[in-house]
Amino acid sequence: MYLRKITHLFGGTRALEDQIEEFFDKVTEAGLVFEKAVAIYLAEGVNGTYDDFLDQEREIESREDALRRSIKSDLFARTLIPDLRADVMTMLEDTDGIVNMFQANLFRLSIQQPEIPAEFHAGFRDLAETVIKCVESAVLAARAFFRDMRAVRDHATRTIFLESEADKLSTRLQRAVFSSDLPLERKMHIRYFIERIDDIANEAEDLVDSLQIYTIKRRD
Amino acid sequence: MDLATLLLLSSGLFLGWSLGANDAANVFGAAVGTRMIRFFTAAFVCSVFIIAGAVVSGAGAADTLGRLGTVDRQAGAFTCALAAGFTVYYMTKWGLPVSTSQAIVGAIVGWNLFSGSPTDTATFVTIVSTWVLCPVLAGVIAVPLFVATRRFLHWANLHLLRADALTRYALLFAGAFGAYSLGANNIANVMGVFVEVSPFAALSLHGGYTLTSAQQLFLLGAIAIAVGVVTYSKRVMFTVGSGIVPMSPVAAWAVVIAHSIVLFVFASEGLERLLATHGLPTIPLVPVSSSQAIVGAVIGLGLMRGGRDIDWRLVRNIGFGWFTTPIIAGLVCFTALFFVQNVFDQPVYREKRFSMSIEVLNRLGESTIVTEELAALKDREFAGAAAFLDAFRERADASAAAERRALALSEVGDFRIDEAHIYRIEEGRLSPHQIEAIEELAGARFRYRWVFAEALAAHTDEWAYLPDSPFNKRYNKQLRRQLEYMFRHFDRQNDRRRTGSGP
């Protein structure tokens with residue numbers, strides 16, 4: 001009976017580990033879908049392919065939410081990692097926030113359909129690509145918090161660097177937009193999207209900032 | 001067990017209950033306080049292992065307390081445990097650092113002073129030095145243990161959840177080991193004073209295993225500790241878990257293991273035998289303070305981190321407690337013994353008489369120089385060890401060991417081996433060969449304990465001590481208890497004192 005309980009505990013732990021891994025997989029996946037959807041939007045505008053990506057993003061977000069709830073309930077029900085539970089919960093919420101931002105931005109593009117002149121497409125693609133790299137790096141830091149605490153710092157450093165790169169790209173793109181001959185309302189509309197995409201990198205940076213604090217707390 | 005026995009042991013059981021209520025937090029406080037282990041699981045494991053430790057390994061430390069002072073009347077033992085219990089209760093209430101081990105030692109010394117029995121200085125010094133050694137040793141063990149565990153965990157690089165699961169089991173194991181060590185080491189505090197006046201006879205169990213009289217006492221004391229754990233330790237555990245220095249689970253594990261090792265080392269007869277087998281010096285088996293071992297381990301880790309977080313006031317208070325606790329307990333015990341004896345009219349110690357006959361002087365001459373002055377004490381009778389020792393010291397410049405020997409040889413009684421008393425020997429106390437030897441002595445009368453003991457040993461080896469060594473310690477201890485029982489059982493002087501008639 002007791003032996004079974006022990007086996008169950010380690011078995012249960014493994015299942016929860018898998019759920020956490022899948023949760024982070026979904027974040028990475030959401031980033032990749034976002035990047036492709038932005039590329040399609042810039043090239044073709046809102047069409048069937050874009051809508052497919054939007055649906056895919058919605059499904060990812062929904063699965064990711066379900067995983068977050070299940071992990072949360074498991075951590076509480078089995079009183080796991082009592083000293084770090086609150087930190088892990090906050091980390092999961094923050095990560096979930098990033099996926100929500102991906103989805104929300106795709107929805108905004110689909111609804112508002114801003115007209116982005118071709119001269120700014122490369123800048124948008126670069127910004128989206130850097131933001132995705134930044135999020136992927138933050139996800140690696142979050143995974144490392146569970147698996148290899150020493151690596152958190154390395155991934156965090158990379159995330160912070162990429163966030164700063166995204167800021168630079170965002171500023172450069174905004175300068176270019178406001179230097180153009182476009183009417184002010186279009187300039188402001190395009191600026192809105194540049195800022196929303198850049199915000200995703202800021203969110204990733206906030207996540208690794210918190211992670212570094214949790215890591216210091218976890219140190220024995 | 002009748003009501004009188006329960007009443008007699010009640011002070012010890014109270015002491016056990018308070019020990020369980022307070023000290024279980026030392027072994028499971030961090031785990032339960034941080035909710036790594038549920039209270040129910042902790043209380044169950046703690047109770048089981050405290051009982052196991054007390055029954056299996058509790059004898060060693062209890063024997064040392066017995067050497068400090070042999071409380072030879074049930075009312076005396078009751079009063080000692082009560083005095084220690086009250087000292088612990090009130091000092092805790094007043095927020096003073098207190099240890100049951102120090103309180104019971106103070107109470108025994110108080111009994112020695114009241115009864116005029118000499119306190120074995122060597123044993124007293126050994127006990128006091130272990131009080132200082134206990135937290136120091138715990139600190140010294142905790143540091144490398146913590147460093148090694150941390151390195152292992154870094155090397156193993158486990159997933160956070162797997163490390164969490166492992167930590168739970170490690171804390172459960174540490175708690176179980178801690179509870180076993182606590183039972184083995186601290187049962188002496190709870191029941192040690194009752195060992196010589198135990199109301200229980202040995203109990204034969206299935207499979208040829210015998211539960212000695214002391215083990216039955218320890219079982220009862222351990223159950224009292226377990227009741228303390230289940231009924232009252234929860235609040236203390238949550239206070240300890242969140243109140244002391246904030247510790248990581250790994251640090252908490254190292255602290256509990258270091259504490260457990262120290263308590264185990266000071267309680268294990270098996271370890272003593274193992275060290276002796278390899279020609280290594282043995283460690284004294286002494287009841288030490290569980291709380292002070294924990295504090296020592298925490299301070300050890302604090303020093304490792306530079307010593308900034310250490311509450312030096314707590315360290316000073318512990319040192320202060322080494323002096324105040326035994327003194328207060330001794331005074332309380334002395335006063336309580338006075339009341340129990342004079343107000344409640346209960347004998348709290350056996351009145352001992354000493355006299356040096358020619359045979360005593362001859363026997364003493366084998367190891368000590370018997371001067372003419374000392375020989376002048378021949379056949380003079382002294383009431384109490386103190387009076388005898390005063391006279392002895394005036395006439396002989398002997399070592400403490402020689403004094404102890406003179407005292408042991410000179411104690412007189414009136415041992416009459418008659419059929420009626422042989423018939424009334426409690427079942428399970430003695431072996432068939434031992435009883436045969438007594439039957440062969442039927443009709444004999446002895447004045448000295450040692451002459452009686454030698455007469456028994458002449459009939460069977462089962463009445464003879466084995467050479468003094470850690471290997472024979474358990475056998476000799478059992479034999480000593482059996483002889484003490486025989487002396488009490490056949491001593492008519494005792495009967496006369498009990499009935500109040502003069503010699």
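## A buried leucine in chain A

At a relative accessible area of 5%, A:L54 counts as buried. Here, buried means under 20% relative accessible area, exposed means over 50%, and partly exposed is what lies in between, using a 1.4 Å probe and protein chains only. A:L54 sits in helix α2 of chain A. Helices (H or I, at least four residues) and strands (E, at least two) are DSSP runs, numbered from the N terminus.

Before going on, a word about what you are looking at: this is a predicted model, in which local features need pLDDT of at least 70, side-chain atom pairs count only at pLDDT 80 or more, and totals for chains, interfaces and linings use all residues. Residues are numbered from 1 along each chain as its sequence is written, chains are lettered from A and ligands numbered from 1 in the order in which they are written, and side-chain values use heavy atoms, with hydrogens and water left out.

Which residues does A:L54 touch, not counting those up to four places away in sequence? They are A:Q103, A:L106, A:F107 and A:S110, where contact means heavy atoms within 4.5 Å. As for A:H121, it is 67 residues from A:L54 in sequence, and the C-alpha atoms of the two are 20 Å apart in space.

## Two residues with positive phi

Now look at a loop of chain A, the one between α2 (48-77) and α3 (85-112), where you will find A:I81. Its phi is near 30 degrees, a positive value in a residue other than glycine. A:I81 is buried, at 1% relative accessibility.

Chain B has a residue of this kind too: B:N157 has a phi near 50 degrees, again positive and again not in a glycine. B:N157 belongs to the loop between α6 (121-156) and α7 (160-191) of chain B. Is B:N157 buried or partly exposed? With a relative accessible area of 29%, B:N157 is partly exposed.

Helix α3 of chain B (residues 59-68) has nine of its 10 residues buried, so it is largely enclosed by the rest of the structure. Among the buried ones are B:A59, B:D63 and B:L68.

Helix α4 of chain B (residues 74-93) holds B:T87, which is buried at a relative accessible area of 4%. Neighbours within four places in sequence aside, B:T87 is in contact with B:V98, B:T325, B:I328, B:A329 and B:V332.

## Aromatic pairs

Over all chains, the structure has 27 aromatic pairs. One of them joins B:Y89 and B:Y90: the ring centres are 5.1 Å apart and the planes are at 85 degrees, so the pair is edge-to-face. To count as a pair, rings of Phe, Tyr and Trp (its six-membered ring) need centres within 6.5 Å; planes under 30 degrees apart are stacked, over 60 edge-to-face, and the rest tilted. B:Y89 is partly exposed at 42%, and B:Y90 is partly exposed at 34% relative accessibility.

In chain A, ring pairs link A:F23, A:F24, A:F145, A:F146 and A:Y214 into a cluster.

## A sheet in chain B

Strands of a sheet pair through backbone hydrogen bonds, either parallel or antiparallel. In chain B, four strands form an open antiparallel sheet in the order β4-β3-β5-β6. Its edge strands, β4 (381-383) and β6 (445-448), each pair on one side only. On average, neighbouring strands of this sheet are turned by 35 degrees against each other, direction ignored. Strand β5(B) (residues 411-416) and β6(B) pair in the antiparallel sense over three bridges; two strands count as paired if DSSP finds at least two bridges between them. The partner of B:R416 in β6(B) is B:R445.

Helix α16 of chain B (residues 400-410) lies across β3 (353-355), β5 and β6 of chain B, at about 25 degrees to β5(B). Helix α19 of chain B (residues 449-459) lies across β5 and β6 of chain B, at about 130 degrees to β6(B). Axes are lines fitted to C-alpha atoms, for helices over the stretch in contact, and angles run from 0 to 180 degrees between N-to-C directions.

## Enclosed spaces

How many cavities of 30 Å³ or more does the structure hold? There are two. On a 1 Å grid over the protein atoms alone, a cavity is a set of points where a 1.4 Å probe fits but cannot get out, and lining residues have an atom within 4 Å of a point. Grid points are joined across faces, edges and corners, and a volume is the space filled by probe spheres set on the points.

The largest cavity has about 180 Å³ of space. Of its 15 lining residues, B:S213, B:R429, B:Q478, B:R481 and B:Q482 lie nearest its centre. Helices α8 (213-243) and α20 (473-490) of chain B are the elements that give two or more residues to this lining. The largest share, six residues, comes from α20(B).

Terms used
On a 1 Å grid over the protein atoms alone, a cavity is a set of points where a 1.4 Å probe fits but cannot get out, and a pocket is an open set with protein on both sides within 12 Å along at least five of seven lines; lining residues have an atom within 4 Å of a point.
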